[in-house]
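Hi,

Here is the structure I promised to pass on. Have a look at it first, and then read my notes below.

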Amino acid sequence: MNRAIKNVAVVGSGVMGSRIAAHFAGIGVQVLLLDIAPKEVNEAEKAKGLTIESKQVRNRIVNDAWQATLKAKPSPVYTKEVAERVKTGNIDDDLHRIAECDWVIEVVIERLDIKQQLFEKIEQHRKPGTLITSNTSGIPIHLMVKERSEDFRKHFCGTHFFNPPRYLRLLEIIPAPETKEEVLDFLMDYGERFLGKTTVLCKDTPAFIANRVGVFGFMAVFHAMQQYGLSVDEIDTLTGPVLGRPKSATFRTGDVVGLDTLVHVAKALPENAPQDEMKDIFKLPAFLEQMITNKWLGDKTGQGFYKKVKVPAGGPAMVYSDRDTDSSKAKAEKATFTTSPENRGDERKADPIASAAKSEILTLNLQTMEYGPKQKARFATLETAKPVDDLNQRLKILYAGKDKAGDFYRLLHHMMFAYASNRIPEIADELYKIDDAIKAGFGWEIGIFESWDVLGTAKVLEHMKAANVKPAGWVQEMLDKGFTTFYKTEHGQRKYYDMRTGSYQLIPGTGSFILLEHLDDKVVWKNSACKLYDIGDDVVALRWNTKMNSIGGEVLEGVMKSIAIAEEKYKGLVIANSDANFSAGANVGLIFMFAAEQEYDELDFAIRQFQNTTMRLRYSSVPVIVAPHGLTLGGGCEMCLHADAVQAAAESYIGLVEMGVGLIPGGGGSKELALRASDRNIKEDVELNYLQQLFINVGTAKVSTSAHEAFDNFILRKGHDAISINPDRRIADAKRKVLMLWEQGYTQPALRNNIRVQGRTGLGALHSGLHGMRMGNYISDYDKFLGEKLAYVMCGGDLSYATNVSEQYLLDLEREVFLSLCGQRKTLERLQSILQTGKPLRN
């Protein structure tokens, strides 16, 4: 059956339901969002003369929830236009509209009786064959639809999204006893292909896969923390990015998710899984029980393991306990800024008493149950590991640590390894499903069995035995058979150890992905920073691995060499990376060093090398496709601007940010925007307006919050560039684009000599805008100076009238201005601030 999803109904508009609706709308699907109707009119509605029968009242709950979602940070939508695809209503009046929908998703409160009652109502309006799923996070799927019709039962299953659905990629698919195989196959494919998810087929077991293992991970951290006497700040330092996990680490994640949610799952697991050998670990520690009693549930109640307060600048941190919360809150409220809407510049009008106030994050002391200032964690193991960029090498250092941190890491890893191995085959028959679920559901960079492989399977197993930690017996059996790792890669294909067959098996569904990090046997050329891979069908792909994937001399060499090799032997080139980000831009440290030492010849050479590289991208004899994801800033963005096409992951944050460090785009970016303004329209007024918008975007260092928004910011080109919702498909999609361009008879473009620049006409308009922004305190004097320099390049210099110029003319202007700014003291201060603090300096 060919099944298309054009209309989706989401029943339940809470935090989860409204964000699921937003994600579907973001990929172009029409969404009907429903919730219950209020039982009474509120005071504001009474004042307007509305009654309980008024549509505005009856849709209040769903409309308020949807508007709150659109205002949420980080945004659950790719662009504001998404809102137009969501229609709202209430269950009493509008449930009949689900007859028009191809998929109905239930996202109401986690109570079996309420879900069963809702499904009874839905069946009265649902057309046969329509998909019907529940977003439950733990209620047994087989209990939900026992009383429903055969067609309903055959098209029903669990679809467990993780919050926020836009950013957390896991979608667990949980079959009911009678779910049709074709329904499961469709949802697995649709979730991966269209929703951009890592889809994991789960068993109908308590908490399914991710929450079962992930919540155990929380409890294991609590256990290890208490054993070694560690604090909240120390744990979040130990379990954050250094371990390949999100910045929110453990306790901040708990605050975001909500401690009530965590506790609900933790309490339910021992009851629902009485045979779990680690069920005692799920017993709540005393501090967590106290926090639940105090209603310190995290962000939703304003405090949890952390609390944000206002304190006088320079004054001591306020220490809050459960005995003085109300009075402390009142004190903090007195220290808030009062800013009028019309005064949004740097120098804001503030209450004179409160003008010295600032925000501070306080941490809960789990021994005293009082809040105090955050404390920096200091461990020798951490200091050794932090400078190491490679996560695998970093894990080895952490696991081998000789201090308290090392003891913590060994205990935590041993507990996680034992628990995950013992869940097979209970919650999953295949070990890769546990790794996929924990990575996609909790944002880990490396899975549990992947970590075990990195640390050495046999070696760690001996350590676990010595520590009396017992993994599943099949692990020893695997080693006894001569299989030394849980995963291996053969001919670019990743395989996992299957305990049922006692052999390595191909991970299903990975044939659509090209994962460069698994293609080491396909390397065509490499240097110390880059590798060029043969990805099949006469296409090569370049990847580099530097800190934040920054671009220095070796990366530029890699790009130039890759293009030369592609021109000689292949049909085209893909440029992509596999780490957290595509590229944070040029190597700022190198620029600062040359500028501080006044090595202007070296700087000039470096800028020319970058410009030559981006121009080589544009004017190669084979198609070059850039496939960015994550941060794509500065020089990374300039590569995108010069590619034949861009195949961006949906979560790509692209922008020219050089103005923030006191420079202008110097790798061809300023030139390229002038060229695009010239090509946009020959009508002078329209052309100038477009030029002004491009100028504002660069001048304010604007970064798109998604690849979709990058089209609105004129970085990506409609009808030319494209988006891969699933980032794992990005390189394969880019490869297809290379082959398509080749088959169409790709011809090397000709150098441009007809770029129309505005000269003094454009300069006048841009300078006028800068003057207005400075008068309104939106920018500093130095920002204005930088803006004038950028305007000079984008307008083609001080020309008397609009003139046609060449690309090289603009590149020379761009390089001249870039070099001049490197000699400015305030630019050096901004560069130094970025290097030392990671934050731009306003001067």
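This is a predicted model: local features need pLDDT of at least 70, side-chain atom pairs count only at pLDDT 80 or more; totals for chains, interfaces and linings use all residues.

Residues are numbered from 1 along each chain as its sequence is written, and side-chain values use heavy atoms, with hydrogens and water left out.

Back to the pair. Helix H24 covers residues 600-618 and helix H25 covers residues 635-642; they pack at about 30°, with their axes 8 Å apart. Because of that angle, H24 counts as roughly parallel to H25 (the label is for angles under 35 degrees; over 145 is roughly antiparallel, 65 to 115 roughly perpendicular, and the rest oblique). Axes here are lines fitted to C-alpha atoms, for helices over the stretch in contact, and angles run from 0 to 180 degrees between N-to-C directions. Which residues of H24 and H25 meet? From H24 they are Phe610, Thr614, Leu617 and Arg618, and from H25 they are Gly635, Glu638, Met639, Leu641 and His642, with contact meaning heavy atoms within 4.5 Å. These residues divide into four nonpolar, three polar and two charged (Ala, Val, Leu, Ile, Met, Phe, Trp, Tyr, Cys and Pro count as nonpolar, Asp, Glu, Lys and Arg as charged, and the others, Gly among them, as polar).

Now the whole chain. It has 33 helices and 25 strands, taken as DSSP runs numbered from the N terminus (helices are H or I with at least four residues, strands E with at least two). Its C-alpha trace spans about 80 × 75 × 60 Å along the principal axes.

On to the sheets. Seven strands make an open sheet with mixed pairing, in the order S15-S16-S17-S18-S19-S21-S23; two strands pair if DSSP finds at least two bridges between them. Its edge strands, each pairing on one side only, are S15 (523-526) and S23 (722-724). Neighbouring strands in this sheet are turned by 20° against each other on average, direction ignored. S15 pairs with S16 (residues 530-534) in the antiparallel sense over three bridges, and Lys526 has Lys531 in S16 as its bridge partner. Helix H29 (residues 730-743) lies across S17, S18, S19, S21 and S23, running at about 155° to S18.

There is also an open sheet of three strands, S12-S13-S14, with antiparallel pairing. S13 (residues 493-498) and S14 pair over four bridges, and Lys495 has Leu506 in S14 as its bridge partner.

Most residues other than glycine have a negative phi, and most peptide bonds are trans. The bond from Lys73 to Pro74 is cis, with omega near -5°, and Pro74 sits in the loop between H4 (60-71) and S3 (86-90). Another cis bond runs from Ile424 to Pro425, with omega near 10°. Phe208 has a positive phi of about 60° although it is not a glycine; Phe208 is in the loop between S8 (198-201) and H9 (210-228).

Cheers
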